[in-house]
Amino acid sequence: MNKKVALITGASSGIGREFARIHASKGGNLVIIARSEEKLRELKEELEKKYQVNVKIIVKDLTLAQAPQEIYNEVKEAGIKIDYLINNAGFGGRGFFHERPMESDLQMIQVNIVALTTLTRLFLPDFVQRNEGKILNVSSTAALMPGPLQAVYYATKAYVAFFSNAIAEELRDTNITVTNLMPGATDTGFAKISDMNNTGVFAKPVSPAIVAKEGYEGMLKGKLDVISGLSTSQRLMMATIPFAPKKMLLKQVYDLQVKK
């Protein structure tokens with residue numbers, strides 16, 4: 001049985017909730033974080049009853065700058081040793097950059113980049129001191145290209161991918177691994193919240209359970225990158241990205257973001 005403790009942000013739904021279910025099914029205890037206390041309590045009850053594990057909930061809004069430090073402090077005060085840090089929380093938003101609410105995009109940067117970076121910086125020294133631990137950062141296949149009509153979202157995910165790979169190399173002589181998970185379109189609440197439903201990107205979304213399983217297994221193996229939720233044709237298309245003329249690529253991505 002896996003007695004490791006996993007901390008998961010954005011755990012109340014989608015991929016984050018599936019991460020929690022997978023980890024609990026292996027006997028691992030959890031610290032689950034999200035804004036919705038009701039959803040966290042429902043998940044806690046489900047996992048503790050089904051798997052006889054301990055689940056601590058922390059209700060936090062990661063758009064607030066102080067949230068990561070408060071999470072870290074609460075975990076330390078509770079005497080919980082985190083073995084797996086899963087930075088899953090994130091959100092997107094569609095539209096012309098110059099027309100979108102600036103506050104929305106700044107909050108997106110706060111959650112997708114600043115909170116993820118801060119939590120990693122807070123917990124990583126503990127991992128280094130013990131010379132053990134695993135980090136799983138949820139990026140996106142959006143990290144592989146610029147994203148007109150989702151300019152900030154794509155850029156934040158590129159940051160997550162490059163940041164994850166860079167610190168993985170810094171830690172190569174330790175027993176700590178950093179995995180960058182890049183899902184394709186996934187059947188979560190993301191499409192509706194980010195106004196991406198009825199677009200080409202979300203024509204055939206994959207189950208979050210599949211993405212979480214592949215990401216979790218990749219983390220356990222210490223993989224650098226895990227691309228999940230893509231069909232064979234989509235994988236082939238992704239492989240051509242570095243060789244495609246930039247203007248053609250930008251138009252293709254733009255067209256995929258347009259509502260049908």
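The model is predicted.

**Two strand pairs**

- Strand E2 (residues 29–34) pairs with strand E3 (residues 55–59) in the parallel sense, over five bridges.
- In this pair, Ile33 stands opposite Ile58 of E3.
- To get from E2 to E3, the chain passes through helix H2 (residues 37–51), and this β-α-β crossover is right-handed.
- Strand E4 (residues 84–87) and strand E5 (residues 133–138) run parallel and are joined by four bridges.
- Here Tyr84 stands opposite Lys134 of E5.

**Helices lying across the sheet**

**Helices H1 and H7**

- Two packed helices are described by the angle between their axes and the distance between the axes.
- For H1 (residues 14–25) and H7 (residues 208–221), the axes come within 8 Å and cross at roughly 55°.
- H1 and H7 are therefore oblique to each other.
- The crossing of H1 and H7 is right-handed.
- On the H1 side, the residues in contact are Gly14, Ile15, Glu18, Phe19, Ile22 and His23.
- On the H7 side, they are Pro208, Ala209, Val211, Ala212, Lys213, Gly215 and Tyr216.
- Sorted by class, the contact of H1 with H7 has eight nonpolar, three polar and two charged residues.

**Helices H4 and H5**

- The axes of H4 and helix H5 (residues 151–170) come within 9 Å, crossing at roughly 10°.
- An angle under 35 degrees counts as roughly parallel, so H4 is roughly parallel to H5.
- H4 contributes Asp105, Met108, Ile109, Asn112, Ile113, Leu116, Thr117 and Thr120 to the contact.
- H5 contributes Val152, Tyr153, Thr156, Lys157, Tyr159, Val160, Phe163 and Ile167.
- The contact of H4 with H5 has 10 nonpolar, four polar and two charged residues.

**Helices H3 and H4**

- Helix H3 (residues 67–77) also packs with H4: their axes come within 9 Å and cross at roughly 30°.
- This angle makes H3 roughly parallel to H4.
- The crossing of H3 and H4 is right-handed.
- From H3, the contact involves Pro68, Gln69, Ile71, Tyr72, Val75 and Lys76.
- From H4, it involves Ala115, Thr118, Leu119, Leu122, Phe123 and Asp126.
- The residues of the contact between H3 and H4 divide into eight nonpolar, two polar and two charged.

Terms used
Residues numbered from 1 in each chain as written. Predicted model: local features only at pLDDT ≥ 70, side-chain atom pairs only at ≥ 80, totals over all residues. Heavy atoms only, no water. Axes fitted to C-alpha atoms, helices over the stretch in contact; angles between N-to-C directions. Parallel < 35°, antiparallel > 145°, perpendicular 65-115°, else oblique. Left-handed = near helix turned anticlockwise from the far one by under 90°. Contact = heavy atoms within 4.5 Å. Nonpolar A, V, L, I, M, F, W, Y, C, P; charged D, E, K, R; others polar. Pairing = 2+ DSSP bridges. Right-handed = clockwise from strand over helix to strand, strands pointing away.
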